[in-house]
Amino acid sequence: MKDGLAPELEGDDAGDGRNVATDRTVLEGEGAQQIVRAHGANFPVPERGFPVEHAPSETFDREAPTYHGLPMLKDPVWVASIAAYFYVGGVAGCSAALAASVDLTGDAGLERLGRRSRWIAAGGALVGTGLLVHDLGRPARFLHMLRVFRPTSPMNLGAWLLAAFGGASAAGAVLGGRGAIGRSATLAAGVLGPPLATYTAALLANTAVPVWQQGRRTLPFLFGASSVASTAALLQLLPLAGREERTVRVLGIAGKAAELVAAEAVEREVGRVARVGLPLRQGISGTLWKAAKLLNAASLALDLLPTAKPWRRKAAGALGTAAALALRYSVFRQGKASTRDVRATTELQRAGRGAAEVTAR
């Protein structure tokens with residue numbers, strides 16, 4: 001045997017680089033398109049066409065390989081304050097949209113609600129900037145992110161969104177939505193609010209982390225619905241009366257119901273690859289995910305009760321706020337658990353990449 005060639009091959013078949021000694025080498029995987037003269041029954045090769053009967057993306061009834069038993073990705077470098085930023089940004093963005101809606105309707109009965117929403121948006125922008133700077137390590141790094149404008153980068157676009165939103169929401173809160181400048185600032189903050197509340201989901205989905213990348217289609221809807229639910233829950237903790245209470249109740253019911261539906265959609269999408277969906281069911285992230293769903297469902301049940309009482313509204317607000325925080329921290333922890341799984345990346349690629357798309361199997 002020489003250079004791994006089978007000794008029985010002679011003439012034109014010998015030394016051409018395609019034939020190998022099958023007693024020393026196993027041909028498998030997506031690059032195994034060699035022609036093997038003497039193959040076993042477990043590795044059938046047709047004379048022409050694809051060299052195996054199964055799509056190479058299939059696992060052949062065994063676990064996906066690993067990179068020497070080590071994770072293929074590094075842990076996300078974000079610290080826990082970024083999960084709090086997800087929550088604060090969502091509340092600030094939705095509050096700004098609510099304030100702009102109240103101003104456009106001109107309803108005098110909702111004037112106090114609009115004023116509170118403007119201040120919540122401005123305060124959220126300030127707190128959110130502090131949380132983001134804390135994660136970056138020093139303020140100069142946030143300023144460096146504003147040196148260029150790159151719409152194709154969710155992180156760069158998010159920094160510009162936060163900067164523009166912060167200025168508009170602060171102007172709207174200080175001016176109280178009065179005058180041309182105040183109304184324009186409130187409207188501008190309302191337009192920038194929804195993108196601010198959801199861009200973080202796009203940021204997560206554009207990483208290589210399996211659980212985030214697999215949920216790229218449904219994660220933004222979850223963050224958007226949770227932002228509405230979070231804002232309503234926070235407002236429920238404040239004194240409300242008359243139309244304010246009815247408006248916040250309707251907002252809370254819509255947001256919390258949408259969040260439950262979106263969470264189920266995320267589970268379905270991520271669970272298409274069983275290994276990738278493990279962080280939603282196991283460990284700290286799985287516990288937080290289940291707790292968020294239960295707390296949100298309990299808050300929604302209190303909102304749906306026919307008789308509205310102050311203690312019941314505040315209890316619904318407390319449960320909804322706890323659910324929102326648990327959800328954000330669960331998603332944050334899911335990313336770390338997913339990168340530490342030595343097979344999650346491999347199984348995600350084998351399930352949806354390579355020849356599986358070419359062969360339509």
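Helix axes are lines fitted to C-alpha atoms over the stretch in contact, and angles run from 0 to 180 degrees between N-to-C directions. The model used in these exercises is predicted.

**Exercise 1.** Classify the packing of helix α4 against helix α5.

Solution.
1. Helix α4 covers residues 154-175 and helix α5 residues 179-205. Their axes lie 7 Å apart, at an angle of about 150°.
2. Angles over 145 degrees count as roughly antiparallel, and α4 and α5 are therefore roughly antiparallel to each other.
3. The crossing of this pair, α4 and α5, is left-handed.
4. Sorted by class, the contact of α4 with α5 holds 19 nonpolar and six polar residues, and no charged ones.

**Exercise 2.** Do the analysis for helix α1 and helix α10, and list the residues that make the contact.

Solution.
1. Helix α1 (residues 81-105) packs with helix α10 (residues 310-340) at an angle of about 135°, the axes being 8 Å apart.
2. α1 and α10 are therefore oblique to each other. Their crossing is right-handed.
3. From α1 the contact takes Ile82, Ala83, Ala84, Phe86, Tyr87 and Gly90; from α10 it takes Thr321, Ala324, Leu325, Arg328, Tyr329 and Phe332.
4. Nine of these residues are nonpolar, two polar and one charged.

**Exercise 3.** Describe the largest nonpolar core and the surroundings of Phe165.

Solution.
1. The largest nonpolar core has 60 residues. Helix α1 gives the most to this core, with 12 residues.
2. Tyr85, Phe165, Leu204, Leu222 and Trp289 have the most contacts inside the core.
3. Leaving out residues up to four places away in sequence, Phe165 touches Ala92, Gly93, Ala96, Ala121, Ala125, Ala189, Leu192, Gly193 and Leu196.

Definitions and conventions:
Residues are numbered from 1 along each chain as its sequence is written. This is a predicted model: local features need pLDDT of at least 70, side-chain atom pairs count only at pLDDT 80 or more; totals for chains, interfaces and linings use all residues. Side-chain values use heavy atoms; hydrogens and water are left out. Helices (H or I, at least four residues) and strands (E, at least two) are DSSP runs, numbered from the N terminus. Angles under 35 degrees count as roughly parallel, over 145 as roughly antiparallel, 65 to 115 as roughly perpendicular and the rest as oblique. A crossing is left-handed if the near helix is turned anticlockwise from the far one by less than a right angle, and right-handed if clockwise. Ala, Val, Leu, Ile, Met, Phe, Trp, Tyr, Cys and Pro count as nonpolar, Asp, Glu, Lys and Arg as charged, and the others, Gly among them, as polar. Contact means heavy atoms within 4.5 Å. A nonpolar core is a set of buried Ala, Val, Leu, Ile, Met, Phe, Trp, Tyr and Cys residues joined through side-chain atoms within 4.5 Å. Buried means under 20% relative accessible area, exposed over 50%, partly exposed in between (1.4 Å probe, protein chains only).
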